[in-house]
Amino acid sequence: MALIELVGIERVFHLGDSVVRALDGIHLSIAAGEYVSIVGQSGSGKSTLLNMLGLLDRPDAGTYHLEGRDVTTLSPDEQAAVRSRRIGFVFQSFHLVPRLTAAENIALPLMLAGALPDERDARVQRALREFGLENRARHRPDELSGGQRQRVAIARATIMQPALLLADEPTGNLDRATGEEVIRLLEALNAGGVTLLLVTHDAALAGHARRQLVMEDGRLRHDSAAGGLQHESGGGSPAAPVSGGV
Amino acid sequence: MRRADILRFSRDAALGAPLRSALSVLAMAIGVAAVVVLTALGDGARRYVVSQFTALGSNLVIVLPGRSATGGFNPANVITTTPRDLTVDDAAALLAAPAVRRLAPLAVGTSEISFGGRLREVVVAGSTASLKDVRKYQLEPGSHFLPDDDAQRAAPVAVVGAKIRDEVFGTQPAIGQLIRLGDRRLRVIGILKASGQGMGMNTDELVVVPVALAQSLFNSNTLFRIMVEARSRDQIEAAKAQALEILKARHGGEEDVTVITQDAVLATFDKLLGALTAAVAGIAAISLLVAGILVMNVMLVAVSQRTAEIGLLKALGARGGSIRLAFLSEAAMISLAGAMAGYLLGQAGAFTLRALFPVFPAYPPGWAVAAALLTALATGLLFGLLPARRAAGLDPVQALMRH
């Protein structure tokens with residue numbers, strides 16, 4: 001069973017008089033454990049697609065099945081619960097809460113989910129160890145380097161052990177070396193079984209992924225797994241995805 | 001999200017913008033302090049007046065000769081127009097009333113006091129030993145009040161007020177001295193403590209003599225007043241009715257006296273000043289409303305400054321309800337801190353007032369303090385509601401882009 005199943009997803013924005021079709025009939029199926037990159041020019045709809053997959057945005061038409069469950073019809077609170085347990089976000093600008101320490105930022109999803117303080121501390125300590133942030137636990141974001149900030153953000157995104165990790169230009173604010181380090185970290189997580197979706201405009205970075213999607217004007221122009229133009233294929237029967245991370 | 005976590009998160013958020021939070025706390029504190037201090041002033045005025053009245057004596061019923069109430073045409077008025085005198089015997093008869101604890105007849109006139117060549121016009125009050133208890137007079141050390149004996153006996157003694165003592169005797173000891181009052185020679189046996197109060201009769205400039213002496217001095221049989229003290233507060237009305245009944249019987253069935261209760265006057269003042277305090281509290285409460293609006297403004301600024309954070313919380317799986325609760329509790333914390341600070345500030349202000357004016361009992365009434373604290377909290381929450389709803393309703397995608 002596919003982790004993600006998008007059928008006929010449409011998203012339309014009205015900007016004044018003009019109508020922008022940010023997503024225009026997207027059919028996409030992604031299996032659990034895949035490593036997928038999404039490239040495209042700015043305005044091609046790749047961020048909208050990522051927001052849609054992260055349940056931050058609702059489609060105007062079409063259905064989205066996550067782990068076999070139709071999540072488009074869920075109430076906002078139910079969607080929040082799905083985000084909390086199954087989806088992790090990594091942003092270009094890190095989005096760390098400036099007044100909270102690294103440990104507190106990592107603990108945020110656990111706190112929002114109502115985890116007990118003892119369990120929370122144990123898991124945060126483990127995450128700090130795994131991401132090499134032990135001696136940075138009490139530092140606030142402005143006392144951390146860019147790479148450290150993004151590691152904190154990734155630790156936060158994975159603390160709930162989500163099935164899906166959505167990374168929107170995770171290296172955009174980092175220098176090349178640090179960026180590569182962050183990508184290696186994300187790939188290691190993917191190797192551990194997490195499905196990784198990486199939005200980028202960097203072709204070299206996109207090349208790391210086993211499956212590459214190219215977006216243009218709200219449509220999928222290319223899917224390396226399908227080996228050609230994508231928008232003709234039905235959402236239910238894409239070419240067999242490359243199994244990843246197993 | 002656990003309750004303790006929400007509180008901790010809100011506290012950190014409030015402390016994260018210290019200036020903004022401190023200003024809201026200050027505004028709220030000023031509002032609460034204003035209510036506390038102003039009601040302390042209003043209630044202090046009420047207490048002051050009440051204490052002035054009780055200084056006259058408590059549970060007092062006062063009998064005056066003559067009818068002061070205006071009635072319609074009454075044949076009795078045509079037949080008898082002059083009221084009978086109110087006499088010492090009338091006063092003695094009132095002691096038979098079960099609701100009366102004690103009473104003091106009062107004959108008042110003016111006379112001249114002279115001692116060692118000094119002369120002064122004074123108000124002379126003729127009464128009995130009971131006057132001291134009825135009017136709660138305080139004496140200077142070494143003093144005696146009028147001897148406790150028959151009201152008909154005119155013992156040649158006098159008790160003088162503190163100001164009379166100062167002006168007539170100067171630095172000499174007054175007790176034991178012989179003075180001349182009108183055509184009588186009297187011995188000074190006591191001095192009334194300076195009080196400067198007494199609502200209409202200044203005891204500092206008073207000379208008290210036995211009632212029989214005063215009446216013969218003024219060559220009059222009638223009393224100015226009979227001061228009656230009821231057994232208790234509940235008995236005041238009974239004492240009034242019984243006094244009226246006894247005097248009516250003694251005066252040939254004619255109701256030719258007026259009986260007033262101090263309580264009625266006091267109750268009027270009490271009500272009046274109570275209403276004044278409530279009005280002042282209401283005006284001060286407006287400042288609480290203003291503080292509430294300020295809290296709302298500050299929270300709206302907080303929401304717009306923390307838009308990206310709200311978006312992030314949503315992305316991390318926070319429910320709208322949790323975000324709403326977090327912002328509401330932040331507003332509540334600011335209001336609560338302001339209310340507490342204002343309470344302390346107000347109590348300090350009332351304390352300063354009491355220290356500066358010791359006679360003025362400026363204590364804020366309990367209801368006003370409770371109302372101020374509750375209003376502060378309620379306005380804080382009420383005005384926190386809109387920003388909290390706005391935060392909870394933010395679109396996560398839009399919110400995340402605002403970085």
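Which residues does B:Val32 touch, not counting residues up to four places away in sequence? In this predicted model, B:Val32 touches B:Leu288, B:Gly338, B:Ala339, B:Gly342, B:Tyr343, B:Gly346, B:Ala372, B:Leu373 and B:Ala376.

## Nonpolar cores

B:Val32 also belongs to the largest nonpolar core, which holds 134 residues. The members that touch the most other members are A:Ile106, B:Met28, B:Val32, B:Val35, B:Val36 and B:Val295. Apart from this core lies another one, of 56 residues, and among them are B:Ala97, B:Leu103, B:Leu146 and B:Ile236.

As general background, nonpolar side chains in soluble globular proteins tend to be buried together.

## Chain B: elements and overall form

Chain B contains 13 helices and nine strands. Its radius of gyration is 34 Å, well over the 22 Å given by the globule rule for 403 residues, so chain B is more spread out than a compact globule. Taken along the principal axes, the C-alpha atoms of chain B fill a box of roughly 105 × 60 × 30 Å.

Of the 403 residues of chain B, 42% count as buried. Contacts in chain B between residues at least 6 apart in sequence were also sorted by separation: 83% of them join residues at least 24 apart.

## Domains of chain B

Two domains are assigned in chain B. Domain 1 is made of two segments, 3-53 and 267-401, while domain 2 covers 84-255. The C-alpha centres of domain 1 of chain B and domain 2 of chain B are 56 Å apart.

## Contact between chains A and B

How many residues does each chain give to the contact? Chain A gives 21 residues and chain B gives 21 residues. On the side of chain A that touches chain B, the elements that give two or more residues are helix 2 (76-86) and helix 3 (102-112) of chain A. Helix 2 of chain A gives the most to this side, with six residues.

By residue class, the side of chain A that touches chain B divides into eleven nonpolar, six polar and four charged residues.

## Confidence in chain A

The mean pLDDT of chain A is 89, and 92% of the residues of chain A reach 70 or more. Over residues 228-246 of chain A, pLDDT stays under 50. For this stretch of chain A the model has 45 contacts beyond four places in sequence. Where pLDDT is low, the predicted coordinates should not be read in detail.

Conventions
Residues are numbered from 1 along each chain as its sequence is written. Chains are lettered from A and ligands numbered from 1 in the order in which they are written. This is a predicted model: local features need pLDDT of at least 70, side-chain atom pairs count only at pLDDT 80 or more; totals for chains, interfaces and linings use all residues. Domain bounds come from an automatic or database domain assignment. pLDDT is the predictor's confidence in each residue, from 0 to 100. Two residues are in contact if their C-beta atoms, placed from the backbone, lie within 7 Å. Helices (H or I, at least four residues) and strands (E, at least two) are DSSP runs, numbered from the N terminus. The radius of gyration is taken over C-alpha atoms; the globule rule is 2.2 Å times the number of residues to the power 0.38. A residue is buried if 20 or more other C-beta atoms lie within 10 Å of its own, exposed if 12 or fewer, and partly exposed in between; C-beta atoms are placed from the backbone. Ala, Val, Leu, Ile, Met, Phe, Trp, Tyr, Cys and Pro count as nonpolar, Asp, Glu, Lys and Arg as charged, and the others, Gly among them, as polar. A nonpolar core is a set of buried Ala, Val, Leu, Ile, Met, Phe, Trp, Tyr and Cys residues joined through C-beta atoms within 7 Å.
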